[in-house]
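Trainee: I would like to learn how to read a protein model feature by feature, starting with the general idea each time. Could we work through one together?

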Amino acid sequence: MTVTVTEVAGRVFPLRDRARRPSELAGRDRDLTVIGELIAGLPAQGGALLLSGEAGVGKSALLNAAEERAATAGIRVLRAACAPFECESFSGLNQLLLPLSGELDHLNDLHRSALNAALGLGDGPARDRLVISSAVLALLTGVAAGGPLLLIIDNWQWLDQASALVLGFVARRLSGRPVGLLAARRSGSPVPFELDLPGHEVPPLSDDAATRLVTARFPGLAPSVRRRIVTEARGNTLALLELPVALSDQQGAGLAPLPAVLPLSPRLRALWSPPVAALPAAARYLLLLAVLEGTGSLSVLRAAAAGQYDIDDLACAEHAGLAHVDAATSRVNFAHPLIRSAVMSGSASGDVRRAHRALAARLGDQPGRRAWHLAGAAIEPDEAVAGQLERLARQARDRGDASQAVTALLRAAQLSPGGRAPGRLLAEAAYLSATVTGELPLAARLLADARRAAVGPAGPLEPDGALPAEVANACVLLNGGADIDTVHRLLTAAVGAWSAGPPAGGTAEPHGGETALTALNAALPTLLAVCAAGGRPELWAPFDAALARLDPADRAGLDLLAGTSADPARSAVGVLGRLDAAIAGLPRAADHWRVLILAAAAARTDRLAGCREALRQVTRQAREGGAVLPAISALTLLSQDGFRTGDWDEARRLGEESLRACQSHGQPAHEWLAREQLAMIAAARGEDGLMRELTGPMLRWALPRGAVAARMAVHRVGSLAACGRGDFAEAYREAAAISPPGALASHVPHALETVLDLVEAAVRTGRPREAEAHVAAARAAGIAAISPRLALLVAASAALAAPASQAGPLFERALGIGGADPWAVE
Ligand SMILES: Nc1ncnc2c1ncn2[C@@H]1O[C@H](COP(=O)(O)OP(=O)(O)OP(=O)(O)O)[C@@H](O)[C@H]1O
Ligand SMILES: [Mg+2]
């Protein structure tokens, strides 16, 4: 057993499959139960079971497990594993029964000499099959008299015919004898003859089990790589364990993008390539076209192969079970994703380029796809193709397919003839990796590449490359160990430099048109998030200044979010009219930034109901285009919506999904937000232990980084939990840590949320003056105008703080507030 361990980005990445004990099989509970029944029944009742399943699915591993179980149960095991080259008569039986050669003496003469001859153990006349079969049965029965016996035969499809017939005879006569037969065969492979035995199909592993297996064996794989492997392996265990091995260390760790078709390891190639290699050249070329074309469209394939080959040339690939031409959809479908890999690994690079060229020539009406194929056919830099790929990347980005955008940008950078373009393209790819797909290790590497490309004659990154690069850098740092102030300083410096004009040698018009908009829009949401997490008033000034330079039409809702985040008690009311209009006008297919910016503003002002569908759409889209971070934010917002409106089970499910995604993508700067929602639910349900498990890591992240908002969120959770416990002294401490009584802290949205907690805690701990002062502060700030929910909280606070004689009517008034119905929880 060899374990190669490579340190990649601080992680341990074991490259080789490690031999495991059979008892550690992943996802095989059902199969082991079926096998276990045969074994458990053995001492009393013999029987047979034939496992079948695709190559590499895990049949032999199950036989190993069966052997281990039988041995533990004191059952003697005889085992044979057939091989394709061992085809002499009775070679399988020989392997199986050799350990019993000492027992042949107990047989009668006829049986002994028949078996000796058949098994090649001695001279003697060849006997007919019935005699040999009876001899085997007698031998096994005799041995089993001393204790139960299990025969295990692997690779039944390669068993020689003579042995197969004898074992078939035996298998049908096991009932009443303590002898079991357990065999495994590849489904679809021709067998010597069909055994009429009880069968069990070994299915591919479920996605869940596959993910667990890959995570356990290859802990250093980036989450996106793991997902891709699980998808392409389709539950095939060998593929799950071998596809990671075929990747480079950088690819495995997510530091380099994966190719469109995954490469095969030698073990996988040995299994999957021969049937492809056996096809005639015409079929192989057509399959190659189908792999590269991607959708399997027969009309495109026909056109690309015109004059050379005909679609009917695929017939032999169909006969071999590799692909299927579906007349109904006019497409050719591969029987398994790994066949695409086998086709690619068996194709010469010249053929691949030729196929790309042929496809490009047929896709003139689809410029994006044409650009991909031209790029595939290129072997040296080509500025025109690089330009087309860049446009393609923009389109992919705009429709939410960030993964494809990154791939297109990287290929465009490779094909750029030099100058400033590669640095700019790499910087944009780094930006998308850091802010959309959540691939921080890749972002860090691309950032380094972009900086390398921008030294020497290429000169510094252009303004529209420098700003996205700094944003990527900020995300990497924020999710690493850097504190809020450092990241804030870097970002504001970059925004400031950009705003001040082009750096020496930069493009003439850095602030004009679409480029300017894109660069600044790339930076501002991240800067806003940093200001909000920082939770200190002075952080906002550079953001406000940069935002002011954007045309109002280009602010994409950032002004609304800032208005509800920076100092919500004072400025939220002023943006509500525009916020309501923006939410009402949210188009069905809005881009995820716009949805998330508006939804975040909506969350602070109790308007999430109007964003629900758009947020759900973001999570759906994210699954297709790899937009992990937008999905994380959308899930957290939906969780908050669920909590506030009383659907706590759903809120918890959504929050947990968001938290898992944060953890698997290493996004602590997002993680605390998901934890906050889950901790609120735990606090509201009185699950204090769980609440503390959730808030502990929030504090550990927030304190050294100066993330005041995250710290306030923990106090917010704490005050809710303490109120629930009736521990009002503690509730007072927690709520007062957010906002001192009598003054509504600005720059901390949690101050609005805890008005009622603070007032109630003050009243119940004998602090009527503080309670009154806080009600007055809430009234003076006018937060009741933000939403019926906040109006309800303020009115209830007033009722609690009032003298007993006035409380009744005040409570009545609170309950009478219109539009408060959805906030039943409050
Ligand atoms: N459930 C499992 N959990 C962990 N590893 C497994 C599991 N099943 C199989 N493996 C491992 O996957 C690889 C392929 O499994 P196995 O050799 O059992 O496949 P097979 O179905 O017997 O294939 P073939 O048809 O080629 O004989 C082996 O390395 C095996 O150890
Ligand atoms: Mg096997």
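Mentor: Let us start with burial, for which a cut-off is needed: a residue is called buried when its relative accessible area is under 20%, exposed when that area is over 50%, and partly exposed in between. Please keep in mind throughout that this is a predicted model.

Trainee: Where is Val-471 found, and is Val-471 buried or exposed?

Mentor: Val-471 is found in helix H22, which covers residues 463-479, and with a relative accessibility of 0% Val-471 counts as buried, because the cut-off for that word is under 20%.

Trainee: Which residues does Val-471 touch, if residues up to four places away in sequence are not counted?

Mentor: With those left out, the residues that Val-471 touches are Tyr-431, Thr-435, Leu-491, Ala-522, Ala-523 and Thr-526. Leu-182, by contrast, is 60 Å from Val-471 in space, C-alpha to C-alpha, and 289 residues from Val-471 in sequence.

Trainee: Let us turn to sheets. How do strands of a sheet pair?

Mentor: In general, the strands of a sheet pair through backbone hydrogen bonds, and the pairing is either parallel or antiparallel. Here, five strands form an open sheet with parallel pairing, in the order S4-S5-S6-S3-S7. Strand S4 (76-81) and strand S7 (199-201) stand at the edges, and each has a single partner strand, so one side of each is left without a neighbour in the sheet. On average, and with direction ignored, neighbouring strands of this sheet are turned by 15° against each other.

Trainee: How many bridges join strand S3 to strand S6, and what is the bridge partner of Ala-48 in S6?

Mentor: Strand S3 (residues 47-53) and strand S6 (residues 179-186) run parallel and are joined by seven bridges, and Leu-181 is the partner in S6 of Ala-48.

Trainee: Which helix lies across S4, S5 and S6?

Mentor: That is helix H5 (residues 129-144), which lies across S4, strand S5 (149-154) and S6, and runs at about 130° to S5.

Trainee: What about cysteines: how many disulfides does a search of the whole structure find?

Mentor: A disulfide is, in general, a covalent bond between the sulfur atoms of two cysteines. A search of the whole structure finds zero disulfides. Take Cys-531 as a case: the closest cysteine sulfur, in Cys-475, is 13 Å from the sulfur of Cys-531, which is too far for a bond, because the cut-off is 2.5 Å. Cys-531 also counts as buried, at 0% relative accessibility, whereas Cys-316 is partly exposed, with a relative accessible area of 25%.

Trainee: How should I read salt bridges, and what is the count here?

Mentor: In general, side chains of opposite charge can pair when their charged atoms come close. For this model the count comes to 37 salt bridges. One of them is between Glu-730 and Arg-733, where the closest N and O atoms are 2.7 Å apart. Glu-730 and Arg-733 are three residues apart in helix H35 (residues 728-738), and so are separated by about one helical turn. Arg-733 counts as exposed, at 53% relative accessibility.

Trainee: Which pair links distant parts of the chain?

Mentor: Consider Arg-607 and Asp-580, which form a salt bridge with their closest N and O atoms 2.6 Å apart. This pair links distant parts of the chain, 27 residues apart, with Arg-607 in the loop between helix H28 (592-604) and helix H29 (612-625), and Asp-580 in helix H27 (residues 568-584). Arg-607 counts as buried at 18% relative accessibility, while Asp-580 counts as partly exposed at 35%.

Trainee: Which residues are linked in a network of salt bridges?

Mentor: A network of salt bridges links Glu-390, Arg-394, Arg-397, Asp-398, Arg-424 and Glu-428. Elsewhere, the side chains of Asp-401 and Arg-399 meet in a salt bridge at 3.9 Å, N to O, and Arg-399 is partly exposed, with a relative accessible area of 43%.

Trainee: Finally, where does Asp-606 lie, and what is its phi near?

Mentor: Asp-606 lies in the loop between H28 and H29, and its phi is near 65°, a positive value in a residue other than glycine. Asp-606 is buried, with a relative accessible area of 11%.

Key
Residues are numbered from 1 along each chain as its sequence is written. Chains are lettered from A and ligands numbered from 1 in the order in which they are written. This is a predicted model: local features need pLDDT of at least 70, side-chain atom pairs count only at pLDDT 80 or more; totals for chains, interfaces and linings use all residues. Side-chain values use heavy atoms; hydrogens and water are left out. Two strands pair if DSSP finds at least two bridges between them. Helices (H or I, at least four residues) and strands (E, at least two) are DSSP runs, numbered from the N terminus. Axes are lines fitted to C-alpha atoms, for helices over the stretch in contact, and angles run from 0 to 180 degrees between N-to-C directions. Contact means heavy atoms within 4.5 Å. Buried means under 20% relative accessible area, exposed over 50%, partly exposed in between (1.4 Å probe, protein chains only). A salt bridge is a side-chain nitrogen of Lys or Arg within 4 Å of a carboxyl oxygen of Asp or Glu.
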